[in-house]
Amino acid sequence: MESIFHEKQEGSLCAQHCLNNLLQGEYFTPVDLSSIAHQLDEEERMRMAEGGMGSEEYRTFLQQPSGNMDDSGFFSIQWFNLNSLLTGPELISDTYLALFLAQLQQEGYSIFVIRGNLPECDAEQILGIMKVQQQQRPKLIGEDEAQSSSGMG
């Protein structure tokens, strides 16, 4: 068990601890995450300015506190299950993420960590601007057909 990296909770730095534990190393510090959050704040300001810097929506946006971090150590991170057997991406809460990964591991699935610079994508930019809320969980492909055919017997 000594070879497993485990960063214990310190203050309210849940995102830092979650990321470092997930990635199995000391990859992020509060300064790193703060810098990322400030970059996201700047990206959001630039995107909002595209609609007009004189607009009421832009002025209201500038008056709001950062949605990416606060002084308590809160950092906004969103996780998605991109299982190709689902009809679409599934938003996973921070609380559910650990349970979800543990369940997958218990069921014999392998969990891989990708390190390095990844190509930029539109989804990441959109998530940097706004928090996503999922109205309905995606279903497994064929789940509707299986439920309707089992109800006919």
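## Helix α1 and its buried side

The buried residues of α1 pack against α2 (30–49) and β1 (79–81), where buried means under 20% relative accessible area with a 1.4 Å probe, protein chains only. That buried set is A15, Q16, H17, L19, N20 and L23. Helices here are DSSP runs of H or I, at least four residues, and strands are runs of E, at least two, numbered from the N terminus. This is a predicted model: local features need pLDDT of at least 70, side-chain atom pairs count only at pLDDT 80 or more, and totals for chains, interfaces and linings use all residues. Residues are numbered from 1 along each chain as its sequence is written, and side-chain values use heavy atoms, with hydrogens and water left out.

Is Q16 buried or exposed? Q16 sits in α1, which covers residues 14–23, and its relative accessibility is 8%, so Q16 counts as buried. Skip the neighbours within four places in sequence, and Q16 is in contact with E7, F28, T29, P30 and L33; contact means heavy atoms within 4.5 Å. Just after α1, Q24 takes a positive phi of about 60°.

## The chain overall

Zooming out, the protein chain has six helices and two strands, arranged along the sequence as α-α-α-β-β-α-α-α. There are 153 residues, and 21% of them count as buried. Take the contacts between residues at least 6 apart in sequence: 51% of these join residues at least 24 apart.

As for surface, the protein chain exposes about 11,700 Å², with carbon and sulfur atoms supplying 55% of it. Accessible areas come from the Shrake-Rupley method with a 1.4 Å probe; for residues, only the protein chains shown count as cover.

## The largest nonpolar core

Which residues make up the largest nonpolar core? The seven are A15, L19, L33, W79, I92, L97 and F100. A nonpolar core is a set of buried Ala, Val, Leu, Ile, Met, Phe, Trp, Tyr and Cys residues joined through side-chain atoms within 4.5 Å.

## The second largest pocket

The second largest pocket has a volume of about 440 Å³. On a 1 Å grid over the protein atoms alone, a pocket is an open set of points where a 1.4 Å probe fits, with protein on both sides within 12 Å along at least five of seven lines; lining residues have an atom within 4 Å of a point. Points are joined across faces, edges and corners, and the volume is the space filled by probe spheres set on them.

There are 16 lining residues, and N21, L22, Q24, L101 and Q105 lie nearest the centre of this pocket. Both α1 and α4 supply at least two residues of the lining, and α4 gives the most, with six. By type, the lining divides into ten nonpolar, five polar and one charged. Here Ala, Val, Leu, Ile, Met, Phe, Trp, Tyr, Cys and Pro count as nonpolar, Asp, Glu, Lys and Arg as charged, and the others, Gly among them, as polar.

L101 is found in α4. Leaving aside neighbours within four places in sequence, L101 is in contact with L22 and I111. L101 and L22 are 79 residues apart in sequence, yet 9.7 Å apart in space, C-alpha to C-alpha.

## Out at E124

E124 belongs to helix α5, residues 122–129. Its relative accessibility is 52%, so E124 counts as exposed, a label for values over 50%. E124 and Q78 are 46 residues apart in sequence and 9.9 Å apart in space, C-alpha to C-alpha.
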